[in-house]
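User: I've got this model open and I'd like to go through a few of its labels with you. Could you tell me what stands behind each one?

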Amino acid sequence: MPRGDGRLTHDLDPHAPGPQDACGVFGVWAPGEEVAKLSYFGLYALQHRGQEAAGIAVSDGASVVVYKDLGLVSQVFDEPTLGSLRGHLAVGHTRYSTTGASTWENAQPTFRTTEAGTGLALCHNGNLVNTAELAAKAADDGVAGAFVATNDSDLITALIAAHQDLSVEAAAMEVLPQLRGAFSLTFMDEDTLYAARDPQGVRPLVLGRLERGWVVASETAALDIIGASVVREVEPGELIAIDGNGLRSQHFAVAEPKGCVFEYVYLARPDTTISGRGVHAARVEIGRRLAKEHPVEADLVIPVPESGTPAAVGYAEASGIPYGLGLVKNSYVGRTFIQPSQTIRQLGIRLKLNPLRDVIRGKRLVVVDDSIVRGNTQRALIRMLRESGAIEVHVRIASPPVKWPCFYGIDFASPAELVANGLDVDGVRASINADSLGYVSEQGLIAATEQPASRLCTACFTGEYPIPLGEPEVLGKHVLEGIEHRAISGWTGQQAGSATVPGGAEDALTRP
């Protein structure tokens, strides 16, 4: 079976990817149900959050079995595989790599046998900022198998499994307070499903109810697809455990909510609800505010499909300018296992978008998109619209200028590649050859989410990081790459980020 190439299907230009999504996590405790199939459909609903690898772990009460591979959910799993994964309890993951390379070893769920002899499978959405510090501690403490993989998620699993005299639940309560950064976790042993969320609640995590069980997922859309009802969000700093005795909850840290505002802009599905606010409604409201903040005389509002569509609807509604479809997207191009020729490669976004020339010709257009990262996509798009007969192209963006990298689970371009990092608004406008350019204000975006500004992380727009990042030398995506896979290698924190350890700040700021 051909495996995935890790390319996100919604990128309009495969050579200029947009912000790469975080990951999707799922967990279900439901005796009498086909938990592997429930997990499959839950992950299918979360496929947009990560497309490099997928995996499911199940338990029948006696043992934990993990099946994972590189590729899309539908490539990794088939009917016979799912049928062989029998049990009453499962966790699942769909991955985009934020720490660690895209390899089979780094696919999730991660697995360890604990010191007490039980199985432990764990799924992680987010990114830690003290990975090197934790790795140094694991090495110095002689944690067995701490470096089987090279990601922060595997390290969390190893640290929990290393507690010899504690249950998984008690060990988690010891380890979770030591983690710094973004983490929404689902994990399990033979009998119990666990879910935990970092004290800032950067990444979403929700609890749902089935008729005969419980579900935890990154987004409410994953609960909808399997017929589960939404109960509530997992609270920041909370650890939930679900087993035959029911659900119990305890807090390992005081909640200091700082939810990722970019979930509302781009990452989450439009049919998801975050903190009581529907994502689609928030995006439409962003468009309305864009129209008020950056009005223009024009004939037609068109979206860049599909991420710009809700904001374009809102812009048209508030401005009174008609909404129309000016670009047709082919959703099936971009994930191909056939290497394109140079001629085909030069077509760029034309492989994904085709203009409706009769709609565009002779019109003054307002083009609404979710964000500008490098500017390459918008530049090619505007050229295509002008070639199709547009007489004016006014670009409106449903987020403030992206100027800073994210260290909490989104893989943006490097600061040097972020076009807004080096140019003012008019400079960006000139760079993409638009007649005018307007970004929604930070205040307008926050107002559209209906969340207090104090409860949101806006670091990619402001550079104000709510969780201290630590030393820049040890923030790289590949901070654990190249470390010996045995703690007895003698690797210590003093070597983190040195020439002998690939990764670090240079990698963090230059990775594609």
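Predicted model: local features only at pLDDT ≥ 70, side-chain atom pairs only at ≥ 80, totals over all residues.

User: Then why is Glu-450 called exposed?

Analyst: Its relative accessibility is 58%, and the cut-off for exposed is over 50%, so Glu-450 counts as exposed. You'll find Glu-450 in the loop between α16 (442-449) and β23 (456-457).

User: Why is Ser-275 called partly exposed?

Analyst: Buried needs under 20% and exposed needs over 50%. Ser-275 has a relative accessible area of 38%, which falls in between, so Ser-275 is partly exposed.

User: On to strand β9. Why is β9 described as largely enclosed?

Analyst: β9 covers residues 206-210, and four of those five residues are buried, so the strand is largely enclosed by the rest of the structure.

User: How do you know that β9 pairs with β10?

Analyst: Pairing takes at least two bridges between the strands. β9 and β10 (residues 213-217) have five, in the antiparallel sense, so they count as paired. In that pairing, Leu-207 stands opposite Val-216 of β10. A hairpin of two residues links β9 to β10.

User: And what makes β9 and β11 a pair?

Analyst: Again, at least two bridges are needed. Four bridges join β9 to β11 (residues 229-233), and these strands run antiparallel, so β9 and β11 pair as well.

User: Last topic, the cis peptide bonds. Where does the one from Gln-108 to Pro-109 sit, and what is its omega?

Analyst: Omega is near 10° for that cis bond. Pro-109 lies in the loop between β4 (89-95) and β5 (110-113).

User: What is the omega of the cis bond joining Pro-305 and Glu-306?

Analyst: About -10°. As for location, Glu-306 is in the loop between β17 (300-303) and α10 (309-319).

Technical notes:
Residues numbered from 1 in each chain as written. Heavy atoms only, no water. Buried < 20%, exposed > 50% of the residue type's maximum accessible area, 1.4 Å probe, protein only.
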